[in-house]
Amino acid sequence: MKRTLLDTAWYLAAFLIIQYVCMMAAMIGFQTKAITPMMNIVSTIAASIITIALYGWRRWAPLNSIYLNTRPWFTLFWVVCLTIGASIPLTAALDATGLQMPDVYKQMFKGMMHNDFGFIAVGVLVPIAEEMVFRGAILRRLLDLTGHQKRWIAIVTSAALFGLVHGNMLQGLNAFALGLPLGWMYVRTRSIVPGVVMHFTNNSLSYIMYRMYPGADEMTLREFYGGDMTRVWLSVVFSLMIFGAALYQLNMRLKNN
């Protein structure tokens, strides 16, 4: 038990250290004490690549092709649908909290989303790196501690850690909510592939929204629909229908894992 907890703490610490070192190195390289969008992108890309290489090399997040060899293409299709179906209801729930992203995080996030290289960082590399850390390494070790009967303790704990590292309440709650299905899929498959697909889809949706609707990040869902609550509720209900259908299909497809 002690070894498992130490491993879990080390996996998290290593991730945070890499993030910090890459940010400091980027500041030195760009010769600035302020975090600029390009510096943030370079730092994120570097940190993600180092994380992927380290966790793969040390086998903290074992990688293999066993799951992909089962050709789970329809399962991954439903993972995409689940993510799309969750996006609007989750946005509505977060709007209801009244929480706002701190200005410094808002500016960093906006700068990344409006840069073409931002998609490489946020849409491609971050999903792989974070799934290796929080599902492939941390959740895997927590499951060794809790066992199958108490697997939800491990899932909730890993999701909570995933939320905490985002550094602010709004993104933290969003990450925690996403961490629950991400953990559930890992438990069912023992693969990070479904999680990477969900993470990629979620981040890509955010990137697309930022690029297609400038200023949407400053709006609540109600403001986005011009104050028409009927449209808000219809979008939420329709999205929940997609989410429910996708969850049912995934549960059926993964029930034997």
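Okay, let's start with helix α7 (residues 169–189) and helix α8 (residues 193–212), which pack at an angle of about 155°, with their axes 8 Å apart. The axes here are lines fitted to C-alpha atoms, for helices over the stretch in contact, and the angles run from 0 to 180 degrees between N-to-C directions. The helices themselves are DSSP runs of H or I with at least four residues, strands are runs of E with at least two, and both are numbered from the N terminus. So α7 and α8 are roughly antiparallel to each other. For that word, the angle has to be over 145 degrees; under 35 is roughly parallel, 65 to 115 roughly perpendicular, and the rest oblique.

α7 passes α8 in a right-handed crossing. Right-handed means the near helix is turned clockwise from the far one by less than a right angle, and left-handed means anticlockwise.

Who makes the contact? On the α7 side we have Leu178, Pro181, Leu182, Met185 and Thr189, and on the α8 side Pro194, Gly195, Met198, His199 and Asn202. Contact, by the way, means heavy atoms within 4.5 Å. By class, that's six nonpolar, four polar and no charged residues. Nonpolar covers Ala, Val, Leu, Ile, Met, Phe, Trp, Tyr, Cys and Pro, charged covers Asp, Glu, Lys and Arg, and the others, Gly among them, are polar.

A word on where this comes from: it's a predicted model, so local features need pLDDT of at least 70 and side-chain atom pairs count only at pLDDT 80 or more, while totals for chains, interfaces and linings use all residues. Residues are numbered from 1 along each chain as its sequence is written, and side-chain values use heavy atoms, with hydrogens and water left out.

Now the loop between α7 and α8: that's where you find Arg190. Its phi is near 55°, a positive value in a residue other than glycine. Arg59 also has a positive phi, of about 60°, and is not a glycine. Arg59 sits in the loop between α2 and α3 (73–97), and it's exposed, with a relative accessible area of 52%. Exposed means over 50%, buried means under 20%, and partly exposed is in between, using a 1.4 Å probe and protein chains only.

Next pair: α3 and helix α10 (residues 229–254) pack at an angle of about 145°, axes 7 Å apart. This crossing is left-handed. The contact of α3 with α10 divides into 18 nonpolar, five polar and one charged.

Leaving out residues up to four places away in sequence, Leu82 touches Pro181, Met198, Phe243, Ala246, Leu247 and Leu250. Leu82 and Met241 are 159 residues apart in sequence, yet 9.9 Å apart in space, C-alpha to C-alpha.

One more residue, Ser43, in helix α2 (residues 37–57). Ser43 counts as buried at 4% relative accessibility, and it touches Gln19, Cys22, Met23 and Ala26, again not counting residues up to four places away in sequence.

Finally, the whole chain. It comes to 10 helices and zero strands. Of its 257 residues, 45% count as buried. Among contacts between residues at least 6 apart in sequence, 77% join residues at least 24 apart. The C-alpha trace spans about 50 × 50 × 30 Å along its principal axes.
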